[in-house]
Amino acid sequence: MAGKDYLDETISNETKAARFLFSVLKEFACNTGFTGNPQVRYGSISSKAVVAVPLDFDARYSALWKRYVYYICSGSFYDQSPFVWSRYAWRVREELDLAAMREAANLLSDKQHNFSWMSVTQAGELRDPRRSVKLTVEEVPVQLENDDTLPYFLRAQNTNIYKISGSCDFFLYKMMRRIVGILVAIGQGKGDVATLTKCVDAFDKDEKCKEKIPHAFLETAPAKGLCLDHIEYSIPI
């Protein structure tokens, strides 16, 4: 923050914070990190507003709930996928069974379940692993490459794009990516809903359950497909 802005009492704290944030963001280019050229577009992080919050506000622990989305790109195209999906989605070769994935998502949704086995427990973690999460699985429509009516990243051939959304009051460490890994395993036919039901029921009944988890249900989906889509707070932001 410029020294004059910091000392100027006629400028509100919100305006000072906004100017500081703007000065930081414009230093970063989208692909190279740093640039001294003001003509280069800003990075993928942008700010829409600055709001004053109480001193006891915590960006993480004051959240009422969060929503993550995860993108998966599949099909025989594989190495010809548009750049945006190569960089921001988990690419799998197999076409996925959407109905089976939705059935598995419904099994995990809305009711409270023990997600300790679908997350990575960090040292000192005191939060209850029994949570209620809302999951949806949908297919993102894409068109042939020669269709100019759609943005380039929705033009592809032999391509299936899947979007998995998950909402919860808080997520355990790697919980969303572990859930996605399970849904994809079921979509690939490496696991089934009956086996998932057995695991869920066993761990719901006994937190120290020693039920053997199938190897297919232990994969953590890669980070590049994950996006924090929304955080809800009690104050308007």
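At 32% relative accessibility, L21 is partly exposed, a class between buried (under 20% relative accessible area) and exposed (over 50%), with a 1.4 Å probe and protein chains only. The model is predicted: local features need pLDDT of at least 70, side-chain atom pairs count only at pLDDT 80 or more, and totals for chains, interfaces and linings use all residues. Residues are numbered from 1 along each chain as its sequence is written, and side-chain values use heavy atoms, with hydrogens and water left out.

**Exercise 1.** State the confidence of the model for the chain and for residues 31-35.

Solution. The average pLDDT (the predictor's confidence in each residue, from 0 to 100) is 81 for the chain, and 74% of the residues reach at least 70. Over residues 31-35, pLDDT stays under 50, and the model gives this stretch eight contacts beyond four places in sequence. Contact means heavy atoms within 4.5 Å.

**Exercise 2.** Describe how α4 packs against α6.

Solution. Step one is the geometry: helix α4 (residues 98-108) and helix α6 (residues 193-205) have axes 10 Å apart, at an angle of about 15°. Helices are DSSP runs of H or I with at least four residues, numbered from the N terminus. Axes are lines fitted to C-alpha atoms over the stretch in contact, and angles run from 0 to 180 degrees between N-to-C directions. Step two is the class: α4 and α6 are therefore roughly parallel to each other, the term for angles under 35 degrees. Step three is the contact itself, in which A100, E103, A104, L107 and L108 of α4 meet V193, L196, T197 and V200 of α6. By type, these residues are seven nonpolar, one polar and one charged. Nonpolar covers Ala, Val, Leu, Ile, Met, Phe, Trp, Tyr, Cys and Pro; charged covers Asp, Glu, Lys and Arg; the others, Gly among them, are polar.

**Exercise 3.** Describe how α4 packs against α5.

Solution. The angle between α4 and helix α5 (residues 175-187) is about 140°, and their axes are 8 Å apart. On the α4 side the contact uses A100, M101, A104, A105 and L108, and on the α5 side I179, L183, I186 and G187. Eight of these residues are nonpolar, one is polar and none is charged.

**Exercise 4.** Locate L108 and list its contacts.

Solution. L108 belongs to helix α4. With a relative accessible area of 0%, L108 is buried. Leaving out residues up to four places away in sequence, L108 touches H113, F115, M118, V133, L135, I179, L196 and V200. L108 and L196 stand 88 residues apart in sequence, with 9.3 Å from C-alpha to C-alpha.

Technical notes. Helix = DSSP H or I, 4+ residues; strand = E, 2+ residues; numbered from the N terminus. Parallel < 35°, antiparallel > 145°, perpendicular 65-115°, else oblique.
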